[in-house]
Amino acid sequence: MVKIKSTSSSTFSSVNSDLLSLISKTSEKVQSLAPELNEIASKLMDLGDRLQADCLHLAILGQFKRGKSTLLNALLGEDILPTGVIPLTAIPTFLKHGNERQAVVYFREKGAPQTFNVADQKILNSILTKYITETGNPRNYLGVSHMELSLPAPILKQGLVFIDTPGIGSTFRHNTEATLNFLPQCDAAMFLISADPPISEVEIEFLKEVRKKVPKLFFILNKMDYLTAEDQEEALQFFKCMLVEQAGITTMDTVFCVSAKNGLTARSLRNEQLWKASGLSKVENHLVEFLAREKSLALQKALEIKTRDLIVTALTHLRLMRRSLEMPVEELENLLSQFEQALDELKLQRHSAEDLVKGDLKRMLSFLGEHARLLRVEATHYLEGIIWNAPVDPERESFNEADLRSALAEAIPGWFEHQAGVSTELFRKQVTEVLGIHQKRAGDILERIREKASSIFNIPYQPEGKSFSFEVVRKPYWITHQWASTLYPFSTSLKDKVFPRAMRIRRVRDRMSEQISNLVLSNVENLRWACFQSINESFLRFEKTLDEQLSETLKGTQGAIQAVLEERKRRGGAAEEKIANLDRVILELEDIQKELDGS
Ligand SMILES: Nc1nc2c(ncn2[C@@H]2O[C@H](COP(=O)(O)OP(=O)(O)O)[C@@H](O)[C@H]2O)c(=O)[nH]1
Ligand SMILES: [Mg+2]
């Protein structure tokens, strides 16, 4: 690994600057030697860009009304996010850095994202209110998937993206599930709690789930302004005790005690003293110094591996070029035709692998069909249970249909959100497993091509390490939330009244069953469609990655030799100067590779 300076002032950019300069050095060295090497150079530059654009996705989690949005406003230094007593809809808001204030609303299905360029803070707040609050957008009738805000806040400049999440345990039960489904997107999370009321069972349960999915967590005890110094200490001890005993959290280094409200006031008054007293300056420092640094290290490690692999590819290519330059043309032609024969065989193997992948995709989709069928049965059973267990209204001597309808509307989002989470996990596992097998096979073929080139042309062979990595696409929102939240109005037939009691009840049950069957059908279909798209996309991306890798490997081997051969035919004779130049670059790249290997 590249040595990292460990001074406390190390921030994101300085931590990665060594790797960045190494990447650009390598990219410069391989540029202009051959078209294929230019491609490697541009890939290295892309890695450099990724390293520079590093962003930590940090979600703010907690029960509604704990002060999540107020805390973010305080950290951002302006009253942008709507706060208050009304819970928000299940719409996460991403806050990233931008020189100009901008809000972009993304919709689940219909329509392109809507962009608002607004300098005024109040107008921005009212746009947010319109799209993400329960008042402005009841039950998310606008179909918003998420919101993205760009702000010139200094803290966001440090490579942070904040995510304000809907509160858990609010009256809208599906919010909790929606937040859980979304957790794998978070690199880190701030878990917010306050002393009024103390941490609840719902929060403890939620926290246990969060721990499984978010690698880095830290805790904030908010609304400290309500308490005396003595009570604050007591609340802190109680909270720590709950975290250890109830939530099983042992590796908890810091719990910050803050008053988000005072923090926000401090920011608007530009009062440094109050800002410090609010406890938020510590949170801010912690964020900048520690979390950003951890994320940088993770990204750095991943990019180091990729850089090393590109260097290995470039070296193979350069050694081939060098070897080809000193060989007589006839010998070169002869070896090239031997190599081409070996390639034809390997390409054939690749074609049959393609068929196997297609077969697996087909099997996975038919399994999805079966999964949907079972879900329909389960959903019907669950919703019918609600109807069958409902009490009969003694006045009407039948069911109160309006009550039944709202009971169903209440039950549907939570149940389907949960199933969406379960299905996502099931298919993610299966896709990873199935494609993992193909990935291994394809990786073997690619390695054999390079091995063959090495043995035919007698150059040192180096395995490419982990370059052939495949990540299953993890879209932020697998599942659309198009649950019918209100059932269609449904006229109670006057005729019912003339029937005897038992028949009246049956007629209502029949009508409700029909409703349930429609609801189940459309909701399961939504879920199935979302899964279908993700599976399909994963397979498509897999094939695309594979083809790219294959063509790169071919260019890097066959292409390199052909290029030299053509040049030799054109110019005649080996270019001494060119060989010397290649030797120099090879040595330099070998040194860089050693540096990356830590030897
Ligand atoms: N006293 C006090 N009230 C706070 C504090 N932080 C937030 N609040 C209030 O708590 C309510 C809910 O805050 P909000 O940020 O909307 O909570 P969220 O639902 O978690 O995003 C609002 O009325 C805030 O003014 C705090 O530190 N002290
Ligand atoms: Mg909020």
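Predicted model: local features only at pLDDT ≥ 70, side-chain atom pairs only at ≥ 80, totals over all residues.
I'm counting a polar contact as a pair of N or O atoms within 3.5 Å.

**Entry 1, ligand 1 contacts.** With that cut-off in hand, I went through the backbone around the ligand. Glycine 67 has a polar backbone atom 3.0 Å from an oxygen atom of ligand 1. For lysine 65, I get 2.8 Å between a polar backbone atom and a ligand oxygen. I also looked up lysine 261, where a backbone N or O atom sits 3.1 Å from an oxygen atom of ligand 1. On its own the ligand exposes 580 Å², and the protein buries 86% of that.

I find 17 residues surrounding ligand 1, with Lys65, Lys68, Thr70, Gly84 and Asp225 as the closest. By class, I noted eight polar, six charged and three nonpolar residues in this shell. Which helix gives the largest share of the shell? That's α3, with three residues. Helix α3 covers 68-76, and α8, at 260-269, also supplies at least two shell residues.

Next I turned to α11 (residues 329-388) and α12 (residues 401-457), whose axes come within 10 Å. Are they roughly parallel or roughly antiparallel? Their axes cross at roughly 170°. Angles over 145 degrees count as roughly antiparallel, so I put α11 and α12 down as roughly antiparallel to each other. I then sorted the residues in the contact of α11 with α12: 34 are nonpolar, seven polar and six charged.

Technical notes
Residues numbered from 1 in each chain as written. Chains lettered and ligands numbered in written order. Heavy atoms only, no water. Near = heavy atom within 4 Å. Polar contact = N/O pair within 3.5 Å; in protein donor to acceptor, adjacent residues only side chain to side chain. Areas by Shrake-Rupley, 256 points an atom, 1.4 Å probe, with all protein chains shown as cover. Helix = DSSP H or I, 4+ residues; strand = E, 2+ residues; numbered from the N terminus. Nonpolar A, V, L, I, M, F, W, Y, C, P; charged D, E, K, R; others polar. Axes fitted to C-alpha atoms, helices over the stretch in contact; angles between N-to-C directions. Parallel < 35°, antiparallel > 145°, perpendicular 65-115°, else oblique.
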